[in-house]
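Please open the structure in a viewer and keep the selection panel at hand.

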Amino acid sequence: MRSPLSRARGLGSSRDGFQHWWMQRVTAVALIPLTLWFAASLIALTGSDYNTFIAWLKAPVVTVFMVLLLIALCHHMGLGLRVVVEDYAHSDWAKVPAVVAIRCACFALAVVGTFATLRIAFDR
Amino acid sequence: MFIRSSDQLPSVTVLRRFPVPRNFNVSTESRIERGKTWHAPADATRVKSFEIYRYDPDSGQNPRIDTYEVDLNTCGPMVLDALIAIKNEIDPTLTFRRSCREGVCGSCSMNIDGTNWLACTRFISDTMEPATIYPLNHLRVIKDLVPDLTQLFAQYGLIEPWLQTTTPEPEKERLQSPEDRGKLDGFYECILCFCCTSGCPSHWWNGDRFLGPAVLLQSYRWLIDSRDEAAGDRLDDLEDPFRLYRCHTILNCTRTCPKQLNPGKAIAAIKKMIVQRRS
Amino acid sequence: MAHDKRPLSPDLQIYKPQLTSVLSISHRVSGIALSVGTLLLVSWLLAAAAGPQAYSTLQGFMHSWLGLLLMLGWTFSFFFHLCNGIRHLVWDAGYGFELRTIYASGWTVVAASAALTVAAWFSSFVVMG
């Protein structure tokens, strides 16, 4: 029996939402050169063997770019997937666990990827 | 293929609707059934078919699609003229909103051949055969082509679409330069037909919290009005992950506006204002 | 109450697909596909860190027909998401909202993604010899 205005107002404006939108754009801008570099490197590495790949990844510039790529990629991906979940999931019991799981998974993915890269770079 | 203005019809007609089953993901009371066909009299020469969404709240039945064959020699050139001819001569129970018949009141907005437009400014010759007419999308249907716009108008009231000032009223009018008045061009002309809002997929999925292009265009109109003194408060109320940021620049709104306005651009400008006030 | 039984007018079932909505949903779908691809990227790095055996197992899968098909899909998704992403950034800066520009840039994105995918795979074959 709520009035239409009360239903439209809901719980009021959260006065937030800019940070998420802004970080999505910042990571996107960072990802343009990083992913292009990665794609070009992959093409150049086609058909190479294990040792060539390891030697390539051990180079300092490559290691740093790879870590930057992983951080920016996982952050951008997490924000994007969160928006998708918020768009399509409407009940709280579906939305909240999904958002939390995505956040944790992306963080874990970035950590695991960085660990693997640094392990290769500093090993042997 | 290359659309220059929203009044341009789609040139590619291969896909008339998204390739999903007709009653895909639809609740039981919204399932659409086949209705009856009303044939034109035998001596009719220029016959055109209209498939129209019908719903009778008193019958207790589901909505259906009725097909009407209209003799184009008996009605005017616009889709609204055909609807009026059907109501006058064939089926008086057909119900739809209409008023000005010249594209300025926004009453006769409906989904014609898959896109939202005003029935009074859409030529029958520009429709397909048969022409398909549905009410505006993802809204509760009161009857036939009449959707319930209460929620949409409530969202419009939410943004407080009136001049808000703390400076006391001057003796005459509040002054505004021609340049400042020029900034309102392209925004004040909105007739609140809600073609854009009901064509926005984001509003379909989150219409209870996302304000939609029409309301956001109007909130931008008040934000850039030089006489208004509450821009900060307006932006505070708008900055919300759902009220504003459900807009993902899909741009169905700009494509469908019957008045050639640009809600997508207005929403991007609001987002830019929020960036500006933080930097 | 009678209002609860009012039917909802159809939306996705009857709305005409246009360049605007189709490119937008494709941007979302390619983004989700790339998210799955990121999992592969991280497992590729893990395999390399684990040693030559793990790496060659993964490489073997990537060179199978399924792996190559996935790589083709990911390459196209990547270039489409990149080009359309740049189009989105231009919109966020406030430019390119005239309908003619929206359509011109949209078709440019489709053509550029296809061209870049072809170019990337062609270069890959050239490098392999």
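Two residues are in contact if their C-beta atoms, placed from the backbone, lie within 7 Å. Domain bounds, used below, come from an automatic or database domain assignment.

This is a predicted model, in which local features need pLDDT of at least 70 and side-chain atom pairs count only at pLDDT 80 or more, while totals for chains, interfaces and linings use all residues. Residues are numbered from 1 along each chain as its sequence is written, and chains are lettered from A and ligands numbered from 1 in the order in which they are written.

**First selection: chain B**

Select chain B, whose C-alpha atoms fill a box of roughly 70 × 40 × 40 Å along the principal axes. Chain B contains nine helices and eight strands; helices (H or I, at least four residues) and strands (E, at least two) are DSSP runs, numbered from the N terminus. Of the 279 residues in chain B, 41% are buried, that is, 20 or more other C-beta atoms lie within 10 Å of the residue's own, with C-beta atoms placed from the backbone. Among the contacts in chain B with a separation of 6 or more, 67% join residues 24 or more positions apart.

**Next: the two parts of chain B**

Colour domain 1 (28-147) and domain 2 (150-167 + 175-276) of chain B separately. Their centres, taken over C-alpha atoms, are separated by 30 Å. Where they touch, 14 residues of domain 1 of chain B are in contact with eleven residues of domain 2 of chain B. On the domain 1 side, strand 5 (residues 115-118) of chain B gives the most, with four residues. That side has six nonpolar, eight polar and no charged residues. Here Ala, Val, Leu, Ile, Met, Phe, Trp, Tyr, Cys and Pro count as nonpolar, Asp, Glu, Lys and Arg as charged, and the others, Gly among them, as polar.

**Next: a helix pair in chain A**

Select helix 4 (residues 60-88) and helix 5 (residues 92-122) of chain A, which pack at an angle of about 170° with their axes 9 Å apart. Axes are lines fitted to C-alpha atoms, for helices over the stretch in contact, and angles run from 0 to 180 degrees between N-to-C directions. Helix 4 and helix 5 of chain A are therefore roughly antiparallel to each other, a term for angles over 145 degrees. Their contact has 15 nonpolar, six polar and four charged residues.

Show chains A and C together: 23 residues of chain C are in contact with 26 residues of chain A. Which helix of chain C gives the most to the side that touches chain A? Helix 1 of chain C does, with ten residues.

Note on methods. Buried ≥ 20, exposed ≤ 12 C-beta atoms within 10 Å, placed from the backbone. Parallel < 35°, antiparallel > 145°, perpendicular 65-115°, else oblique.
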